[in-house]
Amino acid sequence: RNREHARNTRLRKKAYVEELKRTLTELVAQRDAADLEKRQTAQRELEQREVRFRVIEEFLKLRGRNETVFPRWAAILEDGFVLTVPYVPSLYKNTTGGEVVGFEQKLNSVELVMAESTVFSDFLQSSRGSANA
């Protein structure tokens with residue numbers, strides 16, 4: 001009877017240790033999956049920031065040189081975008097179109113952004129000309 005009890009105790013201990021191993025393996029797998037997902041999310045966010053930076057950089061270049069080639073603007077401005085710029089009545093006189101609310105003008109098409117860029121460029125050119133005079 002004592003041997004039987006000892007054998008049953010060893011079997012219970014063995015089953016307990018096996019269950020602990022299974023639990024540990026599952027927890028390690030869950031942790032590894034969570035770590036992988038976290039790294040993938042961080043990588044996606046980094047890539048998104050880089051793309052956004054390049055788009056903004058290209059936008060500023062196009063605006064700075066008053067680019068008139070429509071496809072270049074269309075390549076970086078996605079459908080449904082809204083660009084909000086300061087609205088100065090004496091400068092724009094709403095010549096670029098777009099919705100004006102207070103001192104903000106909302107531009108929602110490539111054509112409107114290009115028109116605003118032209119007005120802004122003309123303003124800068126006239127300012128430079130009057131500063132040199």
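A pocket is defined on a 1 Å grid over the protein atoms alone as an open set of points where a 1.4 Å probe fits, with protein on both sides within 12 Å along at least five of seven lines, and its lining residues have an atom within 4 Å of a point. The structure is a predicted model, in which local features need pLDDT of at least 70 and side-chain atom pairs count only at pLDDT 80 or more, while totals for chains, interfaces and linings use all residues. Residues are numbered from 1 along each chain as its sequence is written, and side-chain values use heavy atoms, with hydrogens and water left out.

The largest pocket holds about 200 Å³ of space, a volume being the space filled by probe spheres set on the grid points. Its lining consists of Val-55, Ile-56, Phe-59, Ile-76, Leu-77, Glu-78, Phe-81, Val-82 and Leu-83. Eight of these residues are nonpolar, none is polar and one is charged (Ala, Val, Leu, Ile, Met, Phe, Trp, Tyr, Cys and Pro count as nonpolar, Asp, Glu, Lys and Arg as charged, and the others as polar). Helix H1 (residues 2-64) gives the largest share of the lining, three residues; helices (H or I, at least four residues) and strands (E, at least two) are DSSP runs numbered from the N terminus. Val-82, in the loop between H2 and E1, is exposed, with a relative accessible area of 54% (buried means under 20%, exposed over 50%, partly exposed in between, with a 1.4 Å probe and protein chains only). The C-alpha atoms of Val-82 and Leu-112 are separated by 10 Å, although the two lie 30 residues apart along the chain.

One aromatic pair is counted (ring centres of Phe, Tyr or Trp, the last by its six-membered ring, within 6.5 Å; planes under 30 degrees apart are stacked, over 60 edge-to-face, the rest tilted). The ring centres of Phe-59 and Trp-73 are 5.6 Å apart and their planes meet at 80°, so the pair is edge-to-face. Because Phe-59 lies in helix H1 and Trp-73 in helix H2 (residues 70-76), the pair ties together parts 14 residues apart in sequence. Both residues are buried.

Strand E1 (residues 83-86) pairs with E3 in the antiparallel sense over four bridges (pairing requires at least two DSSP bridges), with Val-85 opposite Gln-105. Strand E2 (residues 99-101) also runs antiparallel to E3, joined by three bridges, and Glu-99 has Lys-106 as its bridge partner. E2 and E3 form a hairpin with two residues between them, where Gly-102 has a positive phi of about 65°. In E3 (residues 104-107), Gln-105 and Leu-107 form the covered face, and Glu-104 and Lys-106 the uncovered one.
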